[in-house]
Amino acid sequence: MSKSNRKPEKNVDKMNSQNSKIDQDLEGLMASVGAEPTQVRRHSTKARPQSADEDIKDFGQVNHLEVTRNQHGQRIDNFLLARLKGMPRAHIYKMIRSDEVRINNKRCKPYDNLERGDVVRIAPVKLATREKPVISEGFAKSLLERVVYEDEGLIVLNKPSGMAVHGGSGLDFGVIEAMRDATSKKYLELVHRIDKDTSGLLMIAKKRSTLKVLQEYLREKTIQKHYLCLVKGQPALNEFEIDAPLLRYTVANGERRVKVDKANPEAKLSQTTCKVLARFKMNGEPVSLIEAMPHTGRTHQIRVHLAYLGHPILGDDKYNIKDTSGVRRLCLHAWQLDVPEYEVIKAPLPEDMQSLLPADFKLD
């Protein structure tokens, strides 16, 4: 034991003396009512933590949640997002940094994984009171019609462009909330995320065991994602690699951005393989259809890498602000997933992107 953690002996003696006096007072009290001290059961003042499977009833008090097998292996930031519905992710991170969230009474980081039996302490929080969002029957049906693969543990959805994967930051609901409502399944969790304005394949786990396996595949980089994107200009090579470290930063209005920064040691290794599938002209301007395969999973990776090369994605309001193409959506589509022990899963190119391609072009 370190010297800083060792209590002085005089404090220990004082504490023992106080405990002895408490015992004596208790014996005297029991004797006055004709009871033996052994008949009295002392109760701990520390309340038993609530199961994390149950909804938090009062956010205005300190809550202690005990992790069950359903949350085992989950990151603490995702754990909090699922329970503090409507709270922006940035606020979740602020709570963690401010020591308002603890795991087993210890400070934590957003990426720390939980284990069964852990107790998460959440300080009082203020959440805007709002009713559960109403998902119309028609919308629920249209969302279910976009399921391209399903088995006992996994749903793969062809997400529409413009729909966030989860609620928060002013959004009543996202894909995951809508799917829980549409399927009436209590357990549905996102395996990964794609940008709000990106369309295409999104994996949703129906079982905790499936979630753990697929997230381990993602960590080991054994899942290969294929994206289709329409970009400005025409690259000189048919196939090329982009190896450029990415750094996240925040602009004046609080939005997050990413840039290539080879000098900053905090920039993260980022690699993307690209293949040109078609070259053509749109409104007289040269454009290309590119298949992009990220080997790392950085925020906005494909968008920033292609913009860095001088071929920004059409319709990108963050990294192609001088876009003159006139397209009304981000032309980025999560097209194909190669997952170990699964068949190849594909999502057809949306009509609004397909209509921009030459009439005689066909995808394999």
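Reply: The largest cavity is lined by His192, Leu201, Lys225, His226, Tyr227, Ala334, Trp335, Gln336 and Leu337. The model is predicted: local features need pLDDT of at least 70, side-chain atom pairs count only at pLDDT 80 or more, and totals for chains, interfaces and linings use all residues. Residues are numbered from 1 along each chain as its sequence is written, and side-chain values use heavy atoms, with hydrogens and water left out.

Me: How is a cavity found, and how many of 30 Å³ or more does the structure hold?

Reply: Rolling a probe the size of a water molecule over the atoms shows where empty space is left. On a 1 Å grid over the protein atoms alone, a cavity is a set of points where a 1.4 Å probe fits but cannot get out, and lining residues have an atom within 4 Å of a point. Here there is one cavity of 30 Å³ or more, and the largest holds about 40 Å³ of space, a volume being the space filled by probe spheres set on the grid points, which are joined across faces, edges and corners.

Me: Which strands supply at least two residues of that lining?

Reply: Strands (E, at least two residues) and helices (H or I, at least four) are DSSP runs numbered from the N terminus. Strand E9 (224-232) and strand E15 (332-338) each supply at least two lining residues, and E15 gives the most, with four. The lining has five nonpolar, three polar and one charged residue, where Ala, Val, Leu, Ile, Met, Phe, Trp, Tyr, Cys and Pro count as nonpolar, Asp, Glu, Lys and Arg as charged, and the others, Gly among them, as polar.

Me: At what angle do the axes of helix H4 and helix H5 cross?

Reply: Axes are lines fitted to C-alpha atoms, for helices over the stretch in contact, and angles run from 0 to 180 degrees between N-to-C directions. The axes of H4 (residues 137-144) and H5 (residues 175-183) come within 9 Å and cross at roughly 100 degrees. H4 is therefore roughly perpendicular to H5, a class spanning 65 to 115 degrees. Phe139, Ala140, Leu143 and Leu144 in H4 meet Val175, Ala178, Met179, Ala182 and Thr183 in H5, contact meaning heavy atoms within 4.5 Å.

Me: Why is helix H2 described as largely enclosed?

Reply: Buried means under 20% relative accessible area (1.4 Å probe, protein chains only). Eight of the eight residues of H2 (residues 76-83) are buried, so the rest of the structure largely encloses this helix. They pack against strand E2 (63-66), helix H3 (89-97), strand E3 (101-103) and strand E4 (119-122).

Technical notes:
On a 1 Å grid over the protein atoms alone, a cavity is a set of points where a 1.4 Å probe fits but cannot get out, and a pocket is an open set with protein on both sides within 12 Å along at least five of seven lines; lining residues have an atom within 4 Å of a point. Angles under 35 degrees count as roughly parallel, over 145 as roughly antiparallel, 65 to 115 as roughly perpendicular and the rest as oblique. Buried means under 20% relative accessible area, exposed over 50%, partly exposed in between (1.4 Å probe, protein chains only).
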